[in-house]
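This is a walk through a protein structure for someone who has not seen it before. It begins with the overall build and ends with single residues.

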Amino acid sequence: MSDRDRRPNFRGKGGKPFQKGPKFGRPQGRRDRESGSDGPVILYGWHTVAAALANPDRQIRKLYLTENAAKRLAEENIATRVTPEIVRPGDIDRRLTPDAVHQGLLAEADPLPSPDIDTLAQEGIVLVLDQITDPHNVGAILRSAAAFAVKAIVTTARHSPEATGVLEV
């Protein structure tokens, strides 16, 4: 078989070369934030889960910890507020993407309410993000914003990453 025979034929014969199917639609795992989904957010990683546990406005539904993570939380006097389920690291691995670094902690929590834009402080820096879809880029921007004492960050409801362990606190 020659290279020419291996190439897909995108012309002629009346067929459409690109058909929109289930894998070409909206990316899987994204939800419409406008729909007000009541589902939990998944938080993972030491700093993310520790900050969520310290936030009195954050309602934790379930907490999964490895033995080592549970010991570290106890050593650092971080209250869990809910009875954690002690699991093996592989149990947490199976709930996340292969590249997720959970450090032995995973929490299911209710989403935090978004404040109304009218309630933003009148002084200070307000950072507006539009159509930045990579969660790692947004995470880097959030860390930089904290270093520059940004008072508020405004994002769009669409064309922005879902709040995950990469972003959420």
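The paragraphs below go from the chain as a whole to its nonpolar cores and then to a few residues in loops.

The model is a predicted one. Its protein chain holds five helices and six strands. Read from the N terminus, these elements follow the order α-β-α-β-α-β-α-β-β-α-β. The chain has 169 residues, and 25% of them count as buried. It exposes about 12200 Å², with carbon and sulfur atoms supplying 52% of that area. Taking the contacts between residues at least 6 apart in sequence, 67% join residues at least 24 apart.

In soluble globular proteins, nonpolar side chains tend to be buried together. In this chain, the largest nonpolar core has 16 residues, and Leu43, Val49, Ile60, Leu63 and Leu105 touch the most other members. Two or more residues of this core come from each of strand E1 (41-44), helix H2 (46-54), strand E2 (60-65), helix H3 (67-75) and strand E4. Helix H2 gives the most, with five residues.

The loop between helix H4 (89-93) and strand E4 (105-109) contains histidine 102. Is histidine 102 buried or exposed? Histidine 102 counts as buried because its relative accessible area is 8%, under the 20% limit. Beyond residues up to four places away in sequence, histidine 102 touches Tyr44, Gly45, Trp46, Pro89, Ile92, Asp93 and Leu96. A polar atom of the histidine 102 side chain lies 2.8 Å from the backbone nitrogen of glycine 104.

Glutamine 103 is in the loop between H4 and E4 as well. Its relative accessible area is 49%, so glutamine 103 is partly exposed. The phi angle of glutamine 103 is near 55°, a positive value in a residue other than glycine.

Alanine 149 also has a positive phi, near 55°, and is a residue other than glycine. Alanine 149 is found in the loop between helix H5 (135-147) and strand E6 (152-155). With a relative accessible area of 47%, alanine 149 is partly exposed.

Terms used: Residues numbered from 1 in each chain as written. Predicted model: local features only at pLDDT ≥ 70, side-chain atom pairs only at ≥ 80, totals over all residues. Heavy atoms only, no water. Helix = DSSP H or I, 4+ residues; strand = E, 2+ residues; numbered from the N terminus. Buried < 20%, exposed > 50% of the residue type's maximum accessible area, 1.4 Å probe, protein only. Polar contact = N/O pair within 3.5 Å; in protein donor to acceptor, adjacent residues only side chain to side chain. Contact = heavy atoms within 4.5 Å. Areas by Shrake-Rupley, 256 points an atom, 1.4 Å probe, with all protein chains shown as cover. Core = buried A, V, L, I, M, F, W, Y, C linked by side-chain atoms within 4.5 Å.
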